Amino acid sequence: MCKTKTSTDVVTPIPKSLNKSHRPSKSFSDSNSNFNFNITNEYSTNLFSKSSNNSRASLSSLREALAENPHIYDFSEICSATNNFLSKKFNSSSSSTSWRSTVRGRDVLISQRKLPRSLELQQLFDRLSLIGRSHHSSIIKMLGASVSGNYIYLVYEFVPGANLTNCLRNEKNPSFTVLCNWLSRMQVATDLSHGLNYIHNFSGLNSNVIHNHIKSSSIIITEHESELPICAKFCHFGTAELCGEVEENRDGKVKKIEGTRGYMSPEFQVSGITTQKSDVYAFGVVILELLSGEEALRFVFDEGSGEYKRISVIERASQAVAGGGVRRWVDRRLKDSYPVEVAEKMVVLGLQCADENPEKRPDMGKVAGLVSRLYLESKTWAERIGLPTDFSVSLAPR
């Protein structure tokens with residue numbers, strides 16, 4: 001059994017339509033930066049039968065009772081799934097640690113992150129409920145969460161595949177990439193643009209929701225989903241909301257705790273304030289990475305000056321557009337087999353998204369529409385010259 005100073009009991013969401021007399025009892029305490037909450041629910045095992053007896057049961061109450069509703073897992077389940085956190089870590093960084101495991105018969109990824117003291121139980125409950133009901137093929141779904149002491153454990157479905165960084169830049173074989181043809185890269189761009197448009201405009205959270213973790217290493221490329229040979233998915237959706245990384249102020253802006261070099265918008269670097277436009281900036285950087293295969297930001301030693309030179313994918317793309325050298329700049333592993341006009345439009349779009357002035361960056365709705373049109377143009381181009389449009393990739397180790 002896992003030893004911990006504080007833990008949580010299982011929380012099952014209760015339909016708002018239930019009478020106050022039937023609501024679960026709550027207790028909340030905060031002591032020495034740890035918080036404990038216990039919620040008991042006598043209706044958790046017979047919710048449908050009791051709701052059916054209530055003539056005032058609404059569609060929303062039934063929706064909240066669906067099996068897909070996000071869970072607040074008992075902390076003992078997290079301990080058991082991770083072998084008291086002694087299992088091999090799937091990933092580890094300064095801000096989070098992850099384990100791949102099985103919870104309630106599902107293959108999941110459990111991510112441990114610091115829990116902000118300012119986040120109250122009801123806020124956690126409400127945000128988790130909304131995030132859990134968000135669905136999009138380009139977003140890895142959050143199944144639920146658990147809380148213990150100063151940490152929150154986010155449970156996501158596990159999606160096999162490789163992150164975009166490794167797909168574009170294979171350290172063992174730099175000349176190889178699984179995204180070896182133009183249509184595969186346009187498919188990735190299309191998935192990501194529609195996924196981010198959903199997060200910004202259709203997730204149902206609020207008009208100012210942001211992703212806050214957009215970078216090539218946080219994008220998973222999977223194979224053989226539905227009828228498509230590949231699919232690109234965003235990781236970490238909901239992390240910013242649940243872990244207190246963002247807080248809405250009067251201007252509809254949010255403050256971001258951390259950022260990744262190369263993907264941070266200029267306004268964040270100056271003021272620490274980020275908005276949806278900051279997401280658009282990071283998306284633009286990812287698009288330029290996708291087209292060129294280059295890193296967002298790298299430092300190369302200059303023997304002449306004896307110093308390291310900063311090389312940005314944005315600066316390189318700008319120089320290519322200004323000098324008419326887009327074709328020479330696009331990833332050579334594509335072997336010049338792509339529609340040049342479409343590639344030029346994609347580079348310009350990436351630069352517009354990564355504009356220094358946030359007011360000049362386009363809304364993701366417009367971006368998604370343009371990328372879709374360029375994808376269709378690419379498909380028409382491939383059919384015209386006789387290239388296969390039902391391309392296949394393999395994410396097996398090389």
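Helix 9 is largely enclosed by the rest of the structure, because 16 of its 17 residues are buried. Buried here means under 20% relative accessible area, with exposed set at over 50% and partly exposed in between (1.4 Å probe, protein chains only). Helices and strands are DSSP runs numbered from the N terminus, with at least four residues of H or I for a helix and at least two of E for a strand. The model is a predicted one, in which local features need pLDDT of at least 70 and side-chain atom pairs count only at pLDDT 80 or more, while totals for chains, interfaces and linings use all residues. Residues are numbered from 1 along each chain as its sequence is written, and side-chain values use heavy atoms, with hydrogens and water left out.

From its first C-alpha to its last, helix 9 reaches 25 Å, close to the 24 Å expected at 1.5 Å a residue; the expected span is 1.5 Å times one less than the number of residues. At the start of this helix, a side-chain oxygen of Thr275 comes to within 3.1 Å of the backbone nitrogen of Lys277. Just after the helix, Gly293 has a positive phi of about 80°.

Helix 9 (residues 276–292) also gives the core its largest share, but the core itself comes first. A nonpolar core is a set of buried Ala, Val, Leu, Ile, Met, Phe, Trp, Tyr and Cys residues joined through side-chain atoms within 4.5 Å. The largest one has 77 residues, and Ile152, Leu179, Trp182, Trp329 and Met346 touch the most other members. Helix 9 supplies 10 residues, the largest share of this core. A second, separate core of 13 residues includes Cys79, Val108, Ile110 and Val155. In general, nonpolar side chains of soluble globular proteins tend to be buried together.

Now for some individual residues. Contact means heavy atoms within 4.5 Å. Leaving aside neighbours within four places in sequence, Ile152 is in contact with a list of residues that includes Gln112, Leu115, Leu124, Val147 and Leu242. Over in helix 13 (residues 364–385) sits Val367, which counts as buried because its relative accessibility is 1%. Not counting residues up to four places away in sequence, Val367 touches Ser193, Phe283, Leu349, Cys353 and Pro362. Lys233, in strand 11 (residues 228–234), counts as buried too, at 6% relative accessibility. The side chain of Lys233 reaches the backbone oxygen of Ser137 at 2.7 Å.

As for cysteines, Cys79 is buried, with a relative accessible area of 4%, whereas Cys180 is partly exposed at 42%. The structure holds 0 disulfides, a disulfide being a pair of cysteine sulfur atoms within 2.5 Å.

Turning to the strands, two of them pair if DSSP finds at least two bridges between them. An open sheet of 6 strands has the order 3-7-8-6-5-4, with mixed pairing. Its edge strands, strand 3 (71–72) and strand 4 (91–92), each pair on one side only. Within the sheet, strand 6 (residues 106–114) and strand 8 (residues 151–157) run antiparallel and are joined by 7 bridges. Gln112 has Tyr153 of strand 8 as its bridge partner. Elsewhere, strand 14 (residues 297–302) and strand 15 (residues 307–312) also run antiparallel, with 6 bridges joining them. Phe299 stands opposite Arg310 in strand 15. The hairpin of these two strands has 4 residues between them, and Gly306 there takes a positive phi near 75°.

Terms used: Polar contact = N/O pair within 3.5 Å; in protein donor to acceptor, adjacent residues only side chain to side chain.
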